[in-house]
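Me: I would like to learn how to read a few local features in a protein model. Please take them one at a time, with the general idea before the case.

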Amino acid sequence: MTAVVETAQPGPVGEPSSAGPARRRSRWRWASLKAGGALGSLAFVLVFNFFLFRVLPGDPAKNLTRNRLVPADQVAELRKSFGLGKPLRDQFLDYLSNTLHGNLGISYVFRQPVSTVIAERFWPTVLLLGVSTLLSTVIGLWIGIKGAWNRGSAFDKVSTGISLALYAMPEFWLGILLIIIFAVGIGPFPGLFPTGGMISPGVNAASVAGVLDIARHMVLPTLTLTLAYLAEYALVMRSSLLDEMGSDYLTTARAKGLRDALVLRRHAVPNAMLPTVTLVFLNLGFVVSGAITIETVYSWPGLGLLSYEALQAPDYPLLQGVFLLFSVGVIVANLAADLLYGVLDPRVGHA
Amino acid sequence: MQMSRNVLRRGRTRVVAAVVAAATVLAPAAAMADSSSSTPAPAASSAGPVFTVGLTNDVDSMNPFVGIVATSFEVWGMIYDTLTGYGQKDYSPVPGLATSWSTSPDGLTWTFHLRSGVKWSDGVPLTAHDAAYTFNRIMKNSFEQTNYGNYVANMTSVTAPDDTTLIIKTSKPSPIMLHLAVPILPEHIWSKIDEKAVQTFPNNKDVVGSGPFTFIQWQVGQFIRLKANPDYWGGAPKVGEVDFRIFKNDDAMVQALRKGEIDFIDNLSANLYDSLKGAQGITLVDAKYAGFEEVGMNNGAATDTGTPIGNGNPALKNVLVRKAINYAIDRQTLVDKVIRGYGSVGTSVIPPIYADQHYQPTTDLMGYDPTKAKALLDQAGYKMGPSGVRVGPDGKPLTLRFFARQESQDSQQVAQFVKGWLKDVGINVVITVMAENRLTDVIGNGEYDLFEWGWVVEPDPDFQLSVFTCGQRSTKDGSTITAGLSDSFFCDPTYDKLYAEQQVTVDPAQRDAIVKSAEKVVYDKAAYALTYYYDDLEAYRSDRWTNLQPQPDPGGSLIFQYGTYTYRNVEPVSVAQASASATPGSTGVASAPTSRSGSSATAVLLGVLAVLVLGGGAFALIRRRGSADDRE
C-alpha cells in the first residue's frame, strides 16, 4: 500500500523553513511599521476626540440644571467644576495630561469617575457582543464554505436566501419579534426567556445560579445579533472561496487522491480566508462599541446605550472616555489583523 | 494509521474549545460581580412578597444632593423621611417626622415637635439634631443648594434646643415651611463627608435612613432593590421588598407586564395603554396628573434688566395677537387626537388637580373661535393680504417659526395641527424640529417665536409661578447670555407684585386667592397658549396585587406621588381570591409574586441544548467520511 505522500504544499500558505537573518530583520521592520501606524492613529484619535464633542450644542451645566430652581451662581460653580470656564487651550492640555495618566475625569451625569462608569458596562458588552460575534462568525463561515463548495445545491440557495433576509431585517424589529415569541409566549407555547435585563434582581452573579441566570438572559439578545449578522460572513467567505475553487493547485490535489474534505479544509479555505480575516477582525474591533439597538430592546447594560445617553447632556468626559475605548478597540484589532496577515500570507509581511 | 490519528486530534480540539467557551462565560460573570455598584444581596432573601415596578428611567445617583431625575427622588422618598408630608387626599400638610408645628405671631419663627423613639436603620436614635444638621448643611454649602436651595432661601437660623424640638427662624413669613421636602439625613454619617467629597459620594453602600424602606442594591442600568423596614414608625409595609426594573424600551416593558415579570408600569404612552385593554389580570388606571403642555410664545425677549435680546417676531409682543392665537387653537381636537382622550383642555397654569389653586376662566375663557381670532388680528393691525397671509403695519407678511421637540412625537403632532389652524386665520407657520438641549439654548437667547413644551407642576405653586416673573428672564454678562426659568419672557409689574405677596402669605385660603389672581393675569395677557392637561396612564397586575393607593384620592396616580402611599399599603391578593379570578389565558403565576424561578426552565433549556450539541457533533462526525469520489 503506498502511503499518501504529501509533498511541499502548493499555494502560498506557510513559508520556506530557511528564513535567514535578513528576512527576520525585514519582518521586524514591517511589524514595527505597522505598530507605529497604530500609535499614530491613536494619537490622532486622542486629539480629535477632544474637539469632536465641543462641537455639540448645549452647555452641560445649563442642561443638567434645566427647569430647576438652581441659583445662577451654583450653575456657574457647576460649570467651573466641569473645567468649562477655562480657555480651550488649557482645557485641551489638561485633558491630554489626564488621559495619558489614566485619569479619564468625572462624568457630569453620573458624578462618578468615568473609568468606573465604563467598567460597570464593559464586561456585559464584551460578553454579549463577543459571544454573538463568535457565533455569527463560526456559523456564517460554515454556511459560506458549505454553500460555495456545493454551489447551486438546495443548501446553498436556501441558506443564502435566509441569511440575506435576516440581514435585511431591522435588528430591533427582529428583537421585539423574538421577545413576543420566546419571552412572552404565543398561544400554547410558554415564554421560556426573560423579556430583558442581564440578571434577575436578587440573584448573586458570582454563584452558579447567577451564571445560569445570566446565560438565560443572554439567549435572546445573542440570538438576535447572531442571526442579524450571519450574512456578512457567509457571503464574503462564499465569494472568496468561489474565487479559489477554480485554481489549478486544487485540481492537482484532488487528482492526487486527497479526500474532498481535506482539499477543502487544508488548501482551499486557508487561501480563501484572507478577506474573511479582515472582516472578522474589523468586527472584533467593534465588539466594545456595543450594539445600541439590541441593548435598547433587551435593556442590556452596554456601552452602546451608554454612549447614546452621554450625548444628551452632553457629558464630555464620559463621551471622550467611551470613544477612546472604541477607537482603541478598533485600532488594536486592525493591528492584530495586519500582523496576522504577515503570518498567513508570506507575500505580505516584509518591509 | 494516519487517518485515525487525525480524527483523535480533532476530537481533542473540540473538547478544548468547549472548555474555553465555558470559561469565557464564567470569567466575565465573576468580574461583573466585583464591578457591581454595591454589595450583592444574600442569595435567599425571603423577607416577603416582592413588588416589581417597571421603569424607563434609572436613578442617576443615590446621593440626595447629587441626583436630579424623578426616579432618584422617588427612591429617596422611600428611604428617608421629611418633617411633614403631603396628604393623600389633597396634598395638605400631614405629620411626618414632625408630629405638630406652630408659628410665632409674626410668622417668623417655626417650632416643629419631632416624634420620639424613631431610630435610624443602624439603630442610632433619630433626633432633632439630625434635622438641624441637615438644614444647616444646606444653608452653608452652595453645592447642597442645587436641589434644596429654595427651601432654605428665607431661613436665618435652625436650632434644636432638645432631642424633639426644632426651631427655624425665617426672614419673611414663608408658606414653604409647611412643605419642606428635604430628606432628613443622619448626622453621624454625613458629618464625615465634607463639602468636596459630597459631590462624588455615591451613597450606595450601607445607606442609613429612617424611611419605610431600606436600600439593598442598585445594579446600574438594571434594577434597584429596596427592603421593607419592619420597624418603621408609620407601620411596616405589607410587602417584603420593592424592586424597580429598568427597561430601555417601552414595548419590552409592556410585554414583561403581560408575562408577569413585573407588576406595575407608570407613564404609559396612549397607544401602549390602549394595547393592554382586555388583557387578563391587568387593571388599567387613567389617573389625573399635574402636567400640562403649552404652545409657548415669545412675549418680547429681554434680559432681566430690560435689554432686548434675540430675534422674536415683534407681532407676538402684542397681547391681541397672542390672544388671537389662543382663540385659533382647537384644544378638544388636540386632546382627542394627540393624547387619545386621556386628558382635558388646558386653561391656566396651575392644573385642576390642585382644586383649591386652579383658576378656572369663565366669561374670559379663550375657547376655539376662529372668527374671534380673525377679529383680534384685524384689531391689532394685521390685515388679510392677497395670498391668504396677513400683513403687518411694517408691510411684511406675518410668518412665525414653530419649534417642535425631536424627543416627543406628541410635540410634532401638535405643531402640525397648530400650523393648520393658524393658516386658517391668516398666519403662516414654519415648523422646525430640534433636540430639547438646543431648544433650551434657543429659548434662553430669545431666538424663537412659538414652541411646544410642557411642565409638571408641584403641589406648592411657588416654582411654577416664578417662571413668569420679570426676574426669571435671561441674564446677560458681556456677550454671554444665561437663561433663567422664563420661557415666555412675560414681564408684568402687577404679576410680580402678586407673586411676591403669595410668597409670604402663610394662611392657605388667603394664599390660594392671591395665586388665582396671579394665574388670571397670566391667562388674560396670554403669556402661553396652554393646550391640554394630560393624564398619567398606569397599568398593574390586579390578579396579584391589591390595595394600591392613589394621590390625590380619588383619581390620582398610584406611584410617583408626593408620598409613599402605595408602597406602604400594597399587598398580595390572597390565595383564595387568586384562584377564583385566575383564567386560563394568563401566563403569569397568580399566587406567587416572589417569583425568582426559571431554574426549571433553565434545566429544560440546558437539556435541549446538550442534546442538540451532542447530536450535532455525532452527525458531523459521521458525515466527515465523504470523499472526492463519493461526490462525483
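Me: Where in chain B is Asn267(B) placed?

Reply: Asn267(B) sits in the loop between β11 and α7 of chain B. Keep in mind that this is a predicted model. The backbone is the point to look at here: Asn267(B) has a positive phi of about 60° although it is not a glycine.

Me: Is Asn267(B) buried or exposed?

Reply: The label follows from relative accessible area, with exposed meaning over 50%. Asn267(B) has a relative accessible area of 57%, so it is exposed.

Me: Which value does phi take in Asn547(B)?

Reply: Phi of Asn547(B) is near 70°, again a positive value in a residue other than glycine. Asn547(B) lies in the loop between β22 and α16 of chain B. With a relative accessible area of 29%, Asn547(B) is partly exposed.

Me: What should I note about the peptide bond from Gln551(B) to Pro552(B)?

Reply: Omega is the angle to read for a peptide bond. From Gln551(B) to Pro552(B) omega is near 0°, and the bond is cis. Pro552(B) is in the loop between β22 and α16 (565-569) of chain B. A cis peptide bond also joins Asp553(B) and Pro554(B), with omega about 0°. Pro554(B) is likewise placed in the loop between β22 and α16 of chain B.

Me: Now salt bridges. How many does the structure hold over all chains?

Reply: There are 24 salt bridges over all chains. To count, a side-chain nitrogen of Lys or Arg has to be within 4 Å of a carboxyl oxygen of Asp or Glu. Take Arg544(B) and Asp263(B), whose side chains meet in a salt bridge at 2.8 Å, N to O. This pair links distant parts of the chain, 281 residues apart. Arg544(B) is in the loop between β21 (528-541) and β22 (545-546) of chain B, while Asp263(B) is in the loop between α6 (250-259) and β11 (264-265) of chain B.

Me: Are Arg544(B) and Asp263(B) buried or exposed?

Reply: Both Arg544(B) and Asp263(B) are buried. Buried means under 20% relative accessible area, and Arg544(B) has 3%.

Me: Which residue does Arg340(B) meet in a salt bridge?

Reply: Its partner is Asp274(B), at 3.2 Å, N to O. The two are 66 residues apart and link distant parts of the chain: Asp274(B) belongs to helix α7 (residues 270-275) of chain B, and Arg340(B) to the loop between α9 (331-337) and β13 (343-345) of chain B. Asp274(B) is partly exposed at 22% relative accessibility. Arg340(B) is also partly exposed, with a relative accessible area of 45%.

Me: How should I read the pair Arg401(B) and Asp449(B)?

Reply: Check the distance, then the place of each partner, then the accessibility. The side chains of Arg401(B) and Asp449(B) meet in a salt bridge of 3.1 Å, N to O. Arg401(B) is in strand β16 (residues 399-405) of chain B, and Asp449(B) is in the loop between α12 (436-444) and β18 (450-456) of chain B, 48 residues apart. Arg401(B) counts as partly exposed at 24%, whereas Asp449(B) is buried at 2%. Salt bridges can also share partners, and in this way Glu293(B), Arg405(B), Glu436(B) and Glu452(B) are joined into one network.

Me: Which residues form the nonpolar patch on the surface?

Reply: The patch, in chain A, is formed by Phe172(A), Trp173(A), Leu177(A), Ile180(A), Ile181(A), Phe182(A), Ile186(A) and Leu223(A), with about 670 Å² of accessible area together. Helix α7 (residues 171-184) of chain A gives the largest share, six residues. Ile181(A) lies in that helix and is partly exposed, with a relative accessible area of 36%.

Me: Last, the rings. Why is the pair of Phe323(A) and Phe326(A) called tilted?

Reply: The angle between the planes decides the label. A search of the whole structure finds 37 aromatic pairs over all chains. For Phe323(A) and Phe326(A) the ring centres are 5.7 Å apart and the planes are at 45°, so the pair is tilted. The two are three residues apart in helix α13 (residues 316-344) of chain A, which means about one helical turn separates them. Phe323(A) is partly exposed at 27%, but Phe326(A) is buried at 13%. Elsewhere, ring pairs link Phe50(A), Phe51(A), Phe92(A) and Tyr95(A) into a cluster.

Terms used. Residues are numbered from 1 along each chain as its sequence is written. Chains are lettered from A and ligands numbered from 1 in the order in which they are written. This is a predicted model: local features need pLDDT of at least 70, side-chain atom pairs count only at pLDDT 80 or more; totals for chains, interfaces and linings use all residues. Side-chain values use heavy atoms; hydrogens and water are left out. Helices (H or I, at least four residues) and strands (E, at least two) are DSSP runs, numbered from the N terminus. Buried means under 20% relative accessible area, exposed over 50%, partly exposed in between (1.4 Å probe, protein chains only). Patches are made of residues with over 30% relative accessible area and no salt bridge: like charges are joined within 9 Å, nonpolar side chains (Val, Leu, Ile, Met, Phe, Trp, Tyr) within 5 Å. Accessible areas come from the Shrake-Rupley method with a 1.4 Å probe; for residues, only the protein chains shown count as cover. Rings of Phe, Tyr and Trp (its six-membered ring) pair if their centres lie within 6.5 Å; planes under 30 degrees apart count as stacked, over 60 as edge-to-face and the rest as tilted.
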